[in-house]
Amino acid sequence: MMLNERFTKGVNLQQRINTTFNEVFELPEKDFYASLDLDKLLKLKSALSDINSAISIKLALEFLKWVSTALSLGEQEIDMIRNDILQEAHKHQHYDIEHRSKYYRKSFVAEVKCRIPLLEGHRYGGAQKIRIWKDIEVLREGHTKATFNPNAYRFMVFLDRPDIRDANNYLMSSCSKLPSYLEFIEDIQSLPSQPSNMVYGIYVQLESK
């Protein structure tokens, strides 16, 4: 990484931290970043990681409501998937959610995305776009070190927010290949009756409180 790139990232981080403190805690404008030494930054990073994990779990549970209706999952299946989500079983698996059923139409894998676009104008940053691409590839092709069920539905789950929808729309329009791999489903009736190698994007709302 070039020196000017590191400098730019440092300035952007400083601005984002200060703006976040101003808006979230309604504090007067101040350079909070300047008062954060390494120990405080590490504590902040740890806390934010825990927050991200909590939001991911909430999003996954809300998606479970959607997919259990869409695929007509039984109560026993739903309970098993819910327990895996609450125990963060994805940390020991290859997908955020993975359900294997003897009925192929009820099998699915899912990646849960709770990050918001980093750039102005509701656009994903470079690292975010790369992560989305990698997740799509893994959902379509499977992991190299894991048995992949080719008859499973593939889902990529997003928070339902205007900025995320804008970023996804821009990403779809700016990359000619992406619409061939990723299709957004707005309602259960739009989900095809048979799985394919398409990745289906799902928007899930979370309550603000």
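Predicted model: local features only at pLDDT ≥ 70, side-chain atom pairs only at ≥ 80, totals over all residues.
A residue is called buried when its relative accessible area is under 20%, exposed when that area is over 50%, and partly exposed in between (1.4 Å probe, protein chains only). Residues are numbered from 1 along each chain as its sequence is written, and side-chain values use heavy atoms, with hydrogens and water left out.

Let us walk along the chain. The protein chain has 6 helices and 5 strands; helices (H or I, at least four residues) and strands (E, at least two) are DSSP runs, numbered from the N terminus. Their order from the N terminus is α-α-α-β-β-α-β-α-α-β-β. Contact here means heavy atoms within 4.5 Å. Among contacts between residues at least 6 apart in sequence, 62% link residues that are at least 24 apart.

Now step inside. A nonpolar core is a set of buried Ala, Val, Leu, Ile, Met, Phe, Trp, Tyr and Cys residues joined through side-chain atoms within 4.5 Å. The largest such core holds 45 residues, and the members that touch the most others are Phe 63, Trp 66, Val 67, Ile 97, Phe 108, Phe 155 and Leu 191. Two or more residues each come from H2, H3, S2, H4, strand S3 (153–159), helix H5 (162–174), strand S4 (182–185) and strand S5 (199–204). H2 gives the largest share of this core, with 8 residues.

In the loop between helix H2 (38–70) and helix H3 (75–86) sits Ser 72. Its phi is near 55 degrees, a positive value in a residue other than glycine. Ser 72 counts as partly exposed because its relative accessibility is 48%.

Helix H3 itself has 12 residues and spans 16 Å from its first C-alpha to its last, close to the 16 Å expected at 1.5 Å a residue; the expected span is 1.5 Å times one less than the number of residues. Which residues of H3 are buried? They are Glu 77, Ile 78, Ile 81 and Ile 85. These residues lie on the same side of H3 because they cover an arc of only 100 degrees around the axis, where the arc is that of the directions from the helix axis to the C-beta atoms. On the face turned away from this buried side, H3 carries the exposed residues Glu 75 and Gln 76. After H3 comes Glu 88, with a positive phi near 50 degrees.

Further on is the loop between strand S2 (108–113) and helix H4 (126–141), where His 122 is found. His 122 is another residue with a positive phi, about 55 degrees, although it is not a glycine. It is partly exposed, with a relative accessible area of 32%. Pro 117 lies in the loop between S2 and H4 too, but Pro 117 counts as buried because its relative accessibility is 12%. Leaving aside neighbours within four places in sequence, the contacts of Pro 117 include His 122, Asp 163, Ile 164 and Ala 167.

Helix H4 holds Asp 135, which counts as buried because its relative accessibility is 7%. The side chains of Asp 135 and Lys 113 are joined by a polar contact of 2.6 Å. A polar contact is a pair of N or O atoms within 3.5 Å; within protein, one must be able to donate a hydrogen and the other to accept it, and residues adjacent in sequence count only if both atoms are side-chain atoms.

Finally, turn to H5. The buried residues of H5 are Asp 163, Ile 164, Ala 167, Asn 168, Leu 171 and Met 172. Among the elements that cover them are H4, S3, helix H6 (178–181), S4 and S5.
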